[in-house]
Amino acid sequence: MARALGRLGPLCAGGRRRLLGSDTLRQQELKSSFSIQAKMPPCDFSPGKYESYPYERVLKIRKQNLAPSLVTYYKKPLLLHQGYMQWLFDYEGRRYLDLFAGVVTVSAGHCHPKVTAAAQKQLGRLWHTTNIYMHPSIQEYVEKLTALLPDPLKVVYLTNSGSEANDLAMFMARIYTRNFDLICFRGGYHGGSPYTLGLTCIGSYKHGVANAFGCQSTMLPDVFRGPWGGSHCRDSVVQTIRKCSCSPGCCEANNQYIEQFKDTLNTCVPKAIAGFIAEPIQGVNGAVQYPKRFLKEAFQLVRERGGVCIADEVQTGFGRTGSHFWGFQTHGVVPDIVTLAKGIGNGFPMAAVITTPEIADSLAQNLHFNTFGGNPMACVVGSAVLDAIAEDGLQKNSTEVGTYMLLEFAKLRDTFEIIGDVRGKGLMIGIEMVKNKDSRQPLPAEEMSQIWEDCKDMGVLMGRGGIYNQVQHLVKPPMCITKQDAAFAVEVFHAALMRHLERTAAG
């Protein structure tokens, strides 16, 4: 097994020439980018007329009256007006293919007709009442939701956001086990509340206040950027370009990362711990995947210490990974606690914590209450989202379209030196940009930003993430995206990469 990436030769598999940089480009190759004209797929939806404030006034109000921590994307921030399924429209009527889904939140599609109709109907019936009273929508929803989870995960606490859900999961783990310490991965994101910031291990989210008491981070088993990794580690149709000599059924990278996990257990926490939390695929950090058996072995080690295992499904849940409805199922594990948010409401603010009856009972020893959790509107919307995912075949679509995109992006990785890695599963994809494949150093921010801007100008919106903000393109679209849309997105990204090469060649 190799520890470092080996540099590929000038010709890739199949004889395709890799574009290594300005020193190897010919002028006729540079001109090819002008011939790449990605044609946006048709859309039978026409947005309404924009009738709100002028752009400059919106921008002025945002700068003066909204918290400066609310950053915007792009040199000229987008002013969006309307959405429909996989499409967004700005105030001037420009149409964009949304590959970021409101930070992986729009699952069934923007303003999905079924979800919209259910919300409109409930608006005329009952918006809110305390969940101390019974109303039919909460019972109907939790019955439908828990039917999708394996035993014994059958008790639901409804909340309003992913941070709130993970906050409650931490609380439950500590109360149930009567232990305090929790383990999390470096690079993980589990929320921005004072409590959950202890589990969030991305420096740009940290503030100069105490937040990690009782939270211990451990090495991220990242088979691309970490010290160990090979060509068969991931549960994905695309592997890293790192090579390994592992025998069938054996993953040396996994073994090494498990040893690091054991070292954390033996040196950084007490003999008895409260638990371990992990995203099945890291989201904010750039769709990072672990070796296939890692979570199963880690869960066993945690339970031996008296801890519970928490799966943060805020980004991976509801069929996004394609092969399974829940991300934890791709690892062959059953957690003790599962947290849900984002795609659960297709953009409506709601979240959930699901656990076992035994763990749930521990929280009933004293009063626990949530004013808005499980309100009638949220439950009706959540139920309609589940129906839309099932009726529209969105889990299957995530597999088919996601696999296509991964393989097409992998072809670009094999062609362009600045694409270090393509990874993911279903419609949860990360494309990591580097200076070159040998060093794996992040591509400079100004270069990544310009590629990003070019994609937007050609009609495609992508996300961005990673500890170094180096995962230039996070592809996590509404799950209704089509293969034709995906082909358009790949063409646009290709064109943006060619423009980057032209700028590099021009000096």
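Two strands are taken to pair if DSSP finds at least two bridges between them, where strands (E, at least two residues) and helices (H or I, at least four residues) are DSSP runs numbered from the N terminus. The views below show a predicted model, in which local features need pLDDT of at least 70 and side-chain atom pairs count only at pLDDT 80 or more, while totals for chains, interfaces and linings use all residues. Residues are numbered from 1 along each chain as its sequence is written, and side-chain values use heavy atoms, with hydrogens and water left out.

**View A. Strands E9 and E10 of the open sheet.** Strand E9 (residues 337-340) and strand E10 (residues 351-355) run antiparallel and are joined by four bridges, and within this pairing Thr339 has Val353 of E10 as its bridge partner. Both strands belong to an open sheet of seven strands with mixed pairing, in the order E4-E10-E9-E8-E7-E5-E6. Its edge strands, each pairing on one side only, are E4 (155-159) and E6 (215-218), and the twist from one strand to the next averages 20 degrees.

**View B. Helix H8 against the sheet.** Helix H8 (residues 294-304) lies across strands E5 (182-185), E7 (275-278) and E8 (308-312), and runs at about 160 degrees to E7. Such angles run from 0 to 180 degrees between N-to-C directions, with axes fitted to C-alpha atoms, for helices over the stretch in contact, and contact means heavy atoms within 4.5 Å.

**View C. The aromatic pair of Phe261 and Phe276.** Rings of Phe, Tyr and Trp (its six-membered ring) pair if their centres lie within 6.5 Å, and planes under 30 degrees apart count as stacked, over 60 as edge-to-face and the rest as tilted; the structure holds 21 such aromatic pairs. The pair of Phe261 and Phe276 is edge-to-face because the ring centres are 5.1 Å apart and the planes stand at 70 degrees. Since Phe261 lies in helix H7 (residues 252-267) and Phe276 in strand E7, the pair ties together parts that are 15 residues apart in sequence. Phe261 counts as buried at 1% relative accessibility, as does Phe276 at 0% (buried means under 20% relative accessible area, exposed over 50%, partly exposed in between, with a 1.4 Å probe and protein chains only). One aromatic cluster is formed by Phe185, Phe261, Phe276, Tyr290, Phe294 and Phe299.

**View D. Charges over rings.** The charged end of Arg174 sits over the ring of Phe180, 3.9 Å from its centre, a term that requires CZ of Arg or NZ of Lys within 6 Å of the ring centre and within 35 degrees of the ring normal.
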